[in-house]
Amino acid sequence: MTRSHVPKRWHVLPGDPGAEERLISELALSPIVARLLVQRGVTSLEEADRFLHPSLAQLHDPMLLPDAEAACERLKQALHRKEKILVHGDYDGDGITATALWQRVLHRLGGDVEAFVPHRHRDGYDMRRWFVEEARAKGAGLIVTTDCGIQRIEEVELAREAGIDVIVTDHHIPSSCGRLPRAVAVVNPHRRDSRYPFADLAGVGVAFKLCEALVQYLGYGVEHYRRAHMDLAAIGTVTDVMPLVDENRVLVKFGLDRLQQTRKPGLRALLRRALYAGKAPSARDIAFSLGPRLNAASRVDEATTALELLLTPDPEEAELLAERLEENNRHCRDLTEQVLREARTQATEWIAQEARCLVLAGEGWPGGVIGLVAGRIMGQYARPCVVITVDPSTGVGRGSARSPHGFDVLQAIDACSDLLIEYGGHELAAGLALESEQIDAFRERMMRLAAEKLDPEDLVPTLEVAAELEPDSICPELVWQMQALQPFGSGNHEPLFVSRNMRVLQVRAIGQEGRHLKLTLQAPGAKPHELVDAVWWNRADLATVLAPGTTLDLCYRLMLDDYGGQCRVQLLLEDLSWPEW
């Protein structure tokens, strides 16, 4: 048998039998669901009630955000005086949803507001000097940054000199020295002096909370505000891969409910293209369908296309914009695969030299897809990855970094600051710019930092498994009970399970161009009619390797398949192995 697949390491997470028994007896949960709760740190009845029954009452007081009151007072003045307000966002899905939220809210409150999201290549990331100069030319009295601004100390000073106030709203980590822009307000839950109970809001999460504070500050109720804008908060939070715990869990859960009922023409048009008709959207749908379409605008085209989609009141315009995003998304996928092939070749060479951090560079690689490529390579090789595209006309390289848990890539990049033009980001994702002649030195230092931090076992691709399931426990009732744990995503991952010695009865390639693998399986001791289907996306290459009669161990997620009116459990494969290996 040709071995075209190398299985990952499967690590079965531990449980706590005592805590699980308490939850089973008191809440009448299945043993599997009780185990899943305990693995999420939910061990008491009170914690289980909050987790299983999230409510809007669990949202924190937005006035606890740093400088929230100062921001609200300045916004109130701007609204009252009819000052021109410029909103500067970011070009990714988080920044675009945050910008759309600010535009909608300030416009609804009677503000003279104009929203801007930069072009990824022409304008670059974050607020620049030219934007401040343009704001002065337009007579703006106030700039609001959203999902950016925390590092723009010089630009904020320039705005002050021009008589323009700035409110910075951001969720990125402030500079390591702790210096903040001298803005009217710097609203960021990661500030060292923050009293806000939850730091891991997305950029749109910070925007949502501050706008809620503003609505309250002006004397309005928040119920209508939340209903109108929680769909945007959910999309940006999931798209930016923020942990779906605490307040984010509430925002996304209720935001998904609002998304299903959204009245925004742009989102309705996007949903029609991204999902099956009538399907209730999930966090996974945002992560793999809606989010990529919004992000594709800035990766291969203008980010303003996505912003206009979220703002337009015209259904016909919404359809045209959604179709443009669809085309962008197809083009983005093609470019990603092209760069991925070249980057993997470099990655293989560096791994052969035992590199624990991969710094891959290419001239002219499309800058809009390097983050996607870095994420894919990081996932495949289980080590930090920085992908850099070099502009041959300027000699400047712009990079995107992704890291698995256990390695703070922003901290490592900060240790290389003397080699860089600029940088910023989070523990697991960051961006940077540097002169091309510094790439080798940057690579050498990043490799040294990773070698000091990461052990060889950290570099083995690993799947964290919730439990091994006996085939007779795989049933629709289990999947229904697990739905109470949603929304799944970062920080609350969809559970993976393992079942062993499953016999293959049928193998076939399915889907467009036969890209996906479908198996029909039978468990040990099962009756002839007791079969289960398994699907593995984009792994049709194994259809020529696997043969009926093969016995497999499977790692998978569970889903319900109601095609044809029958409700059956289907396994969505994440990995498989031959026991005889």
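I would like to start with a contact between two helices, in which Ile96, Thr97, Thr99, Ala100, Gln103 and Arg104 of H5 meet Ala303, Ala306, Leu307, Leu310 and Leu311 of H13. Sorted by class, the residues in this contact of H5 with H13 are seven nonpolar, three polar and one charged. Please keep in mind throughout that what we are looking at is a predicted model.

Now to the geometry, for which two packed helices are described by the angle between their axes and the distance between those axes. Helix H5, which covers residues 93-108, packs against helix H13, residues 303-311, at an angle of about 45 degrees, and the two axes are 9 Å apart. That angle makes H5 oblique to H13, and the crossing of these two helices is right-handed.

The second pair is helix H4, residues 68-81, with helix H8, residues 203-217, and here the angle is about 60 degrees, with the axes 9 Å apart. Angles of 65 to 115 degrees would count as roughly perpendicular, and H4 and H8 are therefore oblique to each other. The crossing of H4 and H8 is right-handed. On the H4 side the contact is made by Ala68, Glu69, Ala71, Cys72, Glu73, Leu75 and Lys76, while H8 contributes Leu210, Ala213, Leu214 and Tyr217. By class, the contact of H4 with H8 has eight nonpolar residues, no polar ones and three charged ones.

If you follow the order S7-S8-S9-S11-S10, you will trace an open sheet of five strands, whose pairing is mixed. At its edges are strand S7, 358-363, and strand S10, 422-425, each of which pairs on one side only. From one strand to the next, the twist averages 15 degrees. Within this sheet, strand S9, residues 396-402, runs antiparallel to strand S11, residues 429-435, and seven bridges join the two. As one example of how they line up, Val396 stands opposite Glu435 in S11.

Is Ser577 buried or exposed? Its relative accessibility is 14%, and since buried means under 20%, Ser577 counts as buried. As for its surroundings, and leaving aside residues up to four places away in sequence, Ser577 touches Pro7 and Trp10, together with Thr551, Leu552 and Asp553.

Note on methods:
Residues numbered from 1 in each chain as written. Predicted model: local features only at pLDDT ≥ 70, side-chain atom pairs only at ≥ 80, totals over all residues. Heavy atoms only, no water. Axes fitted to C-alpha atoms, helices over the stretch in contact; angles between N-to-C directions. Helix = DSSP H or I, 4+ residues; strand = E, 2+ residues; numbered from the N terminus. Parallel < 35°, antiparallel > 145°, perpendicular 65-115°, else oblique. Left-handed = near helix turned anticlockwise from the far one by under 90°. Contact = heavy atoms within 4.5 Å. Nonpolar A, V, L, I, M, F, W, Y, C, P; charged D, E, K, R; others polar. Pairing = 2+ DSSP bridges. Buried < 20%, exposed > 50% of the residue type's maximum accessible area, 1.4 Å probe, protein only.
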